[in-house]
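Take a look at the fold below before reading on. The paragraphs after it go from the overall make-up to individual residues.

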Amino acid sequence: MTERAERAERAEQAPERGSAAVWGSGAWVVGVLALLVAFPLAARDRLPDRLATHWGTGGDPDSSMPFWAATVFPALLWLALAVAVLLTLWRARRNSGGVAASSWAGGTLGFTGVTLLGAQASVVRANLDRTDWRDAGSVTVWAVVTLAGAVAVGAVALLIGRRARVTVPPVAGPALEIPEGQRFVWLSRVSNRWLHLTAAVCGIVSVGAAVAVMGGLAGLHTVWSAATFALAAVALLACASVQARVTEKGLEVAFGPLGWPTRRWAADAIASAWVENRSAMQVGGWGYRLSGLGTTVMLRGGECLVIRTVKGKDFAVSVDDAERGAALLNSLIGQRAE
C-alpha cells in the first residue's frame, strides 16, 4: 500500500473501535447512575432528613436539600448529560459510517462522572451520623481529591479518543507490489466486546469501592478490593483490543485503547508469515494465550496472522484481512533477503 493510498484510507474509520467505545460508554453511564442513587440509599439510616449540599467560603454548610432530592438530582443531571452525549455519538457514527468515540465525548463523560460521584460521596460523608444538616462536616479535602481524579480520568479518555480517530480499516484489492522507494502500511484492528464489558464491570466495582471508602461507608481495608478490581479492569482492557501494523520496518502489535503495551518484530527477525484459522478452544481461551501453538492473541475465532521468527517462535493475532498482512510481510522479507 503506497503512501498516497495510506492517506486516502485514513479518511475512513474502523467500526470495531466505535462499537467498543459505545459499549464502554454505555457501561460507564449505567454504572455511575447506579452508584449515584445506591450510595446515599445505603447510608439512609445514618443520614438526617435534610442533607447539607452546599458549603460557603468559610467551609460551613449554608444550603440543604431533602434526602430524596439530594439522591435524585445528581442522578438526573448525569442521565441528561449522558443521553445528550451518547445521542451525539450515535448520530456521528451513523453519519460517518462507524466512527469511534470522539475525544471530547469521552473526556466529558469521564470528567463529569467522577466529579458527580466524588461530590455525592463528599455530601454523604459530611452528613453521616449528623442529626441536623447544619452540623455537617467540611468537604474541602474531598473536593480537591475529586477534582484531581476527574482531571486524570478525563485526560485518559481524551487520549483514547484521539487514538480512535486514526484507525485505518483493512485494505481492499489484490495489489501487493511495493514500488521501489515507496512507503507502505497495512493495519487491521479487532476488539472483543465481552472483554470490554467485563473490564467495565470491574472498573465500576472498583470505583464503587473507592467511593464507599471516600464516603465513610467502608473501612480502609476496602481500598485493597478497589485496587484489585482496578488492576483487573486495566488487564482486561489491555487484552480486549489489538491493532496489527505492517510497515517497511516489520510488524507491530499494539494492545488496548492506548496502544500500549506494544510488541515489535523487525523484518529481519521474521522468517515467514501466513494465515491460519484458530479458535479459542485450540489456544486455551481468550486474550493473550500461551499454548503448544506458540503465543496467540485471541479476540475472535477465525483467521489469524501468524509469524515465525528466525528463532523458531510463533506468534499469532486474530485480525481481519490477515492474508494481506502476511503477503506484505513475506514481500518485505523477500526484499531484505535479496
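What follows is a short walk through this predicted model.

Residues are numbered from 1 along each chain as its sequence is written, and side-chain values use heavy atoms, with hydrogens and water left out. Because the model is predicted, local features need pLDDT of at least 70 and side-chain atom pairs count only at pLDDT 80 or more, while totals for chains, interfaces and linings use all residues.

Start with the whole protein. It has nine helices and 11 strands. These are DSSP runs, numbered from the N terminus: H or I with at least four residues for helices, E with at least two for strands. Of the 338 residues, 46% are buried. Buried means under 20% relative accessible area, exposed means over 50%, and partly exposed lies in between (1.4 Å probe, protein chains only). The protein exposes about 16900 Å², and carbon and sulfur atoms supply 62% of that area. Accessible areas come from the Shrake-Rupley method with a 1.4 Å probe; for residues, only the protein chains shown count as cover. Contacts are heavy atoms within 4.5 Å. Among contacts with a separation of 6 or more, 67% join residues 24 or more positions apart.

Now turn to helix α7, residues 222-239. Its 18 residues should span 26 Å at 1.5 Å a residue, and the end C-alpha atoms are 26 Å apart, which agrees. The expected span is 1.5 Å times one less than the number of residues. T222, A226, A233 and A238 are the buried residues of α7. Seen down the axis of α7, they fall within an arc of 145 degrees, so they line one face of the helix. That arc is taken from the directions from the helix axis to the C-beta atoms. The cover over these buried residues includes α6 (193-214), β4 (241-247) and β5 (250-255). On the face turned away from the buried side sit the exposed residues W224, T228 and L231.

Helix α3 (residues 67-96) holds W68. W68 counts as exposed because its relative accessibility is 60%. W68, V72, L76, L79, V83, L87 and W90 make a nonpolar surface patch of about 690 Å². Patch members have over 30% relative accessible area and no salt bridge; nonpolar side chains (Val, Leu, Ile, Met, Phe, Trp, Tyr) are joined within 5 Å, like charges within 9 Å. T71 is also found in α3, but counts as buried at 5% relative accessibility. Leaving aside neighbours within four places in sequence, T71 is in contact with L36, V37, P40 and Q120.

Next come the salt bridges. The count is seven, where a side-chain nitrogen of Lys or Arg must lie within 4 Å of a carboxyl oxygen of Asp or Glu. One of them joins the side chains of R46 and D129 at 2.8 Å, N to O. This pair links distant parts of the chain, 83 residues apart: R46 is in the loop between α2 (15-42) and β1 (50-55), D129 in the loop between α4 and α5. R46 is partly exposed at 35%, whereas D129 counts as exposed at 52%. D129 also has a positive phi near 60 degrees, in a residue other than glycine.

Another bridge joins D320 and R300 at 3.0 Å, N to O. D320 is partly exposed at 26%, and R300 is buried at 17%.

One backbone detail remains. The peptide bond from W260 to P261 is cis, with omega near 5 degrees.
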